[in-house]
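Visitor: I am new to this structure and would like to learn how to read its features. Could you take me through them slowly?

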Amino acid sequence: MNIYLSSAYLAPIQYYAKFVQGDHIFIEQNENYTKQSYRNRSMIVSANGPIPLSIPVVHSSSEKILTKDIRIADHGNWQHMHWNAIVSAYNSTPFFEYYQDDFYPFYHKKYSFLFDFNEELRGLILGLLNIELPVIEYTSEYKTAFEDYEFDMRDVIHPKKDLSLDPSFVSIPYYQVFEQKLGFVENMSIVDLLFNMGNESQLILNNSFHR
C-alpha cells in the first residue's frame with residue numbers, strides 16, 4: 001500500500017498511524033501550500049482543553065508557493081511560545097521528562113523553511129516511536145491520479161475535516177493526564193501520545209487502523 005501524506009507539524013495520531021499501515025510513504029513537497037492545515041499547525045491538550053499551535057509563515061493568499069519553498073516568518077517569538085505551551089501542557093505526564101531533551105532543540109534553533117523543520121521533527125518522532133518503518137521518500141512531482149493500491153491522504157488528514165473521511169483510521173483511547181477533567185480527546189498531536197504513553201505508543205498505533 002502506497003500512502004501520500006503532506007508535510008506536517010507535530011502531526012496527529014491519524015497521520016503517524018499511516019507509517020504503520022503503509023508499505024511505502026510519499027511525503028508531498030510539490031503541492032501548492034495551503035493555509036489552516038496540519039502543515040504548520042498542531043493540536044495539543046492543555047488543562048483547559050485542546051489548543052492549537054501554529055507556526056507563522058511567509059505566504060500571501062494571492063500567490064502560489066510550493067510547500068517546500070514556504071519560509072517560516074521571522075516575526076513573533078513562536079518557538080518560545082510553543083515550547084512554553086508544550087511544557088505547561090505535558091510537564092506532569094509520565095514521559096515528558098524522558099523525551100523533553102529530544103524536542104528542546106527544535107524550539108531553540110533557527111529554521112528558515114517550514115518543510116525542513118517539519119521533516120527533521122518527523123524523523124525524530126519516528127525514531128522515538130520505535131516502529132518498523134516503511135519505505136519513505138519525497139514526491140518528485142504533484143500527482144493527481146492514483147492506482148487502487150495508492151491512497152491520497154494529503155488533504156484528508158486535516159484539522160477541519162471529520163475523521164469519518166478516513167475509514168481506515170481507528171481512534172484508540174489511551175491514558176491522558178487531564179482525562180478525568182476533560183474526558184478522552186481523540187486524534188491530538190503525536191506528542192500527546194508519546195508524553196502520556198511512552199514506549200506503549202507503538203501499541204496504540206498498531207491498533208489505529210483497519211486491517
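**Contacts and the core**

Guide: Setting aside neighbours within four places in sequence, F103 is in contact with L10, W83, L121, L124, I125, L128, V191, L194 and F195, where contact means heavy atoms within 4.5 Å. This is a predicted model, in which local features need pLDDT of at least 70 and side-chain atom pairs count only at pLDDT 80 or more, while totals for chains, interfaces and linings use all residues. Residues are numbered from 1 along each chain as its sequence is written, and side-chain values use heavy atoms, with hydrogens and water left out.

Visitor: Which residues touch the most other members of the largest nonpolar core?

Guide: In soluble globular proteins, nonpolar side chains tend to be buried together. A nonpolar core is a set of buried Ala, Val, Leu, Ile, Met, Phe, Trp, Tyr and Cys residues joined through side-chain atoms within 4.5 Å, and buried means under 20% relative accessible area, exposed over 50%, and partly exposed in between, with a 1.4 Å probe and protein chains only. Here the largest nonpolar core has 61 residues, of which Y16, I86, F103 and L121 touch the most other members. Helix 4 gives the most to this core, with 9 residues; helices (H or I, at least four residues) and strands (E, at least two) are DSSP runs, numbered from the N terminus.

Visitor: How is R122 placed, buried or exposed?

Guide: R122, which lies in helix 4, counts as buried because its relative accessible area is 7%. Leaving out residues up to four places away in sequence, R122 touches Y15, Y16, F19, I27, I136 and Y138.

Visitor: What does helix 6 pack against?

Guide: Helix 6, residues 190-197, is mostly covered, with 8 of its 8 residues buried. Its buried residues pack against helix 1 (13-21), strand 3 (41-46), helix 2 (78-90), helix 3 (96-103), helix 4 (114-129) and helix 7 (201-206). After helix 6 comes G198, whose phi is positive, near 60°.

Visitor: Why does S201 count as buried?

Guide: S201, found in helix 7, counts as buried because its relative accessible area is 1%. Not counting residues up to four places away in sequence, S201 touches L129, L193 and L194.

Visitor: Where is K160 placed?

Guide: K160 is in the loop between strand 8 (150-152) and helix 5 (179-182), and it counts as exposed because its relative accessibility is 56%. K160 and S37 are 123 residues apart in sequence, and their C-alpha atoms are 7.8 Å apart in space. The side chain of K160 also makes a polar contact with the side chain of Q36, at 2.7 Å; a polar contact is a pair of N or O atoms within 3.5 Å, and within protein one must be able to donate a hydrogen and the other to accept it, while residues adjacent in sequence count only if both atoms are side-chain atoms.
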